[in-house]
Structures are given as C-alpha cells and as structure tokens.
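Please have a look at the model before reading on.

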Amino acid sequence: MALNTQQLAQYEQNGFLVIEDFVSAAACDGLRHRAEELVAKFEPEGVKSIFTTREQTRTSDDYFLGSGDQIRFFFEEDAFDAEGNLRQSKDRSINKIGHALHDLDAVFDSFSRTPELAQLIADLNVTEPLLLQSMYIFKQPRIGGEVTCHQDATFLYTEPLSVTGLWFALEDATTENGCLWALPGGHRLGLKSRFVRAQGGGTSFEVFDQTPWSLDGLVPLEVRKGTLIILNSLLPHMSRANRSARSRHAYTLHVMASASHYPPDNWLRRSPEMPLRGFV
Ligand code: FE2
C-alpha cells in the first residue's frame with residue numbers, strides 16, 4: 001500500500017490529501033530542467049494562445065482545443081504589452097504546457113509512470129487507470145495568473161465521475177507565490193458545471209448550479225517541494241495570482257478509470273492514433 005488507512009480516511013473526508021516528500025528533489029529538478037528545454041525550443045508563431053480561467057470560452061482557440069494529444073504552450077495573460085509584445089523573456093512568459101506531456105516526452109513519461117504512483121492510484125480504488133492529461137504549470141513571478149475556484153470534473157468529466165488529480169509541487173508553494181487553496185469536504189457539494197465543445201465550434205459551459213462558490217471556507221495548502229496533493233475531481237480549489245518574485249512550478253496529472261464513459265463533447269480530445277495509456 002502507498003496510502004495507510006488514516007490517509008484514505010482523510011482523503012474521503014476532505015476530498016484532498018497532502019503527501020510530503022512523495023517525489024525526490026532530483027526528480028523535481030529533472031522535470032523542471034526538461035520544461036526549460038521544451039520552452040527554449042518552442043517558437044511562437046502568429047497569434048499566441050493565452051491561458052486564463054476568467055474568460056475561458058472566449059480564449060478557447062483551436063490551438064488550445066487541439067492540445068489534448070500534443071505538447072503546446074500557453075502564455076500568461078499579463079505577458080504582453082499593449083502592442084502584443086512580450087514584456088519579459090519567453091521563459092518568464094509561459095503560463096503552462098499541456099496536455100499530453102506524459103505520452104510524448106520521455107522525461108515526463110518516466111516522472112508520470114512510476115510504481116509508487118500506480119500503487120497510490122490502486123489504493124484509491126481506481127481500477128484499470130488511464131493517464132488522461134498532464135500540465136506543467138509555471139505560475140511565473142509577478143505575472144502568474146489566478147486560477148479561479150473550480151472543480152476539475154467541470155473540465156474532465158466522466159460517467160460515473162472517476163478522475164483523480166495529482167498535483168506535484170516542483171518548488172515550495174506558499175500563499176506568497178500562489179499555492180493551491182481548497183475547500184475541505186467541498187467534494188460533497190455536487191458538480192456545478194461542465195465545460196463542453198459547443199455545437200458549431202468553440203466551447204461553452206453547461207451549468208447545473210448557478211450559485212457562485214463561497215470562498216470563505218477555503219484553506220491554503222502551503223507545501224514544500226516534492227509534495228504530492230491528491231484531488232477529488234469534485235473538490236472546489238483555486239490558486240491566487242503570483243505577485244511575488246518567486247515562481248511556483250507544479251506538474252499535474254489526471255487519471256481516470258477505463259470503465260468510465262468519456263463523453264465525446266468533453267473539450268479534451270485525442271486522435272484515434274494516440275489512445276490513452278495506463279501506468280505501463
Ligand atoms: Fe484544477
């Protein structure tokens with residue numbers, strides 16, 4: 001077992017679980033180094049795609065919608081000046097890389113497919129897991145954008161719900177540099193919306209509950225480098241903007257049960273040539 005009875009009970013109760021020192025500092029540094037290499041090789045052309053959670057339907061361009069089986073780069077909203085030029089270097093401007101790093105890059109593949117992670121997912125009773133999506137998140141110094149309160153099941157929906165989020169701190173995450181905030185027990189509140197492909201192109205939100213999230217009960221999850229946070233897909237969570245001088249790099253992986261139905265109107269899609277794979 002990777003998780004003991006007490007940890008499983010905590011996860012059940014809170015909808016998230018913090019595990020310190022799950023990955024080594026060397027593994028964190030290796031992933032960070034590889035992300036730097038990928039960004040160095042990335043040549044932005046034409047219109048640059050930004051990532052913001054505030055106007056998600058407007059900013060869902062083809063580059064974003066086609067990223068389910070690719071390695072693509074999304075800029076911070078505040079990276080550009082009024083003329084559309086970067087205010088700082090390219091490597092300090094990228095918000096995130098997604099969404100198939102774990103299948104297309106050897107370094108990300110080895111970080112994502114370890115016996116420890118496979119055991120942990122088995123302990124959570126996810127049978128025949130499939131690795132659905134991966135993201136490298138930079139939360140850049142000064143301009144790292146806020147991610148508004150959401151449930152991952154809004155974006156990664158299965159029937160029944162079966163997605164588990166794995167959030168790895170590649171650097172210390174604090175309230176200063178934009179750590180995660182979560183609502184303990186909030187995974188029992190029900191799904192508020194789904195982010196789907198709209199008929200005729202683009203995306204839209206299918207809303208089940210209009211009530212905005214109350215942010216009162218959210219607690220900061222300040223964690224040190226090497227920590228893994230497991231997130232139930234219904235857990236409300238967010239991260240504030242990073243106005244500090246330090247970055248807050250994190251890697252996220254989402255896993256689903258292969259027996260669950262993956263609806264075709266989910267925004268994240270793959271070509272038939274690149275089916276989802278498990279931990280082996
Ligand atoms: Fe999330």
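A pocket here is an open set of points, on a 1 Å grid over the protein atoms alone, with protein on both sides within 12 Å along at least five of seven lines, where a 1.4 Å probe fits; lining residues have an atom within 4 Å of a point. The model is predicted, so local features need pLDDT of at least 70 and side-chain atom pairs count only at pLDDT 80 or more, while totals for chains, interfaces and linings use all residues. Residues are numbered from 1 along each chain as its sequence is written, and side-chain values use heavy atoms, with hydrogens and water left out.

**The pockets**

The largest pocket is lined by 47 residues, and Thr53, Val147, Thr148, His150 and Phe155 lie nearest its centre. For the second largest pocket, the lining has 18 residues, with Tyr11, Glu12, Leu124, Thr164 and Asn232 closest to the centre. Strands (E, at least two residues) and helices (H or I, at least four) are DSSP runs numbered from the N terminus.

**The iron site**

Which residues hold the iron ion? His150 (NE2), Asp152 (OD) and His237 (NE2) coordinate the iron ion at 2.2 Å, where donors are N, O and S atoms within 2.8 Å of the metal (3.2 Å for Na, K and Ca); water is not among the atoms, so sites may look incomplete. Along the sequence, the donor residues follow the spacing H-x1-D-x84-H. Asp152 in helix H7 (residues 152-155) and His237 in strand S13 (residues 237-239) are 85 residues apart, and this pair links distant parts of the chain. Asp152 and His237 are both buried, meaning under 20% relative accessible area (1.4 Å probe, protein chains only).

**A loop residue**

Ser244 sits in the loop between S13 and strand S14 (250-257). Ser244 counts as buried because its relative accessibility is 15%. Its side chain makes a polar contact with the side chain of Asn242 (2.8 Å); such a contact is a pair of N or O atoms within 3.5 Å, one able to donate a hydrogen and the other to accept it. Leaving aside neighbours within four places in sequence, Ser244 is in contact (heavy atoms within 4.5 Å) with Pro141, Arg142, Glu176 and Asn177.

Key: Buried < 20%, exposed > 50% of the residue type's maximum accessible area, 1.4 Å probe, protein only.
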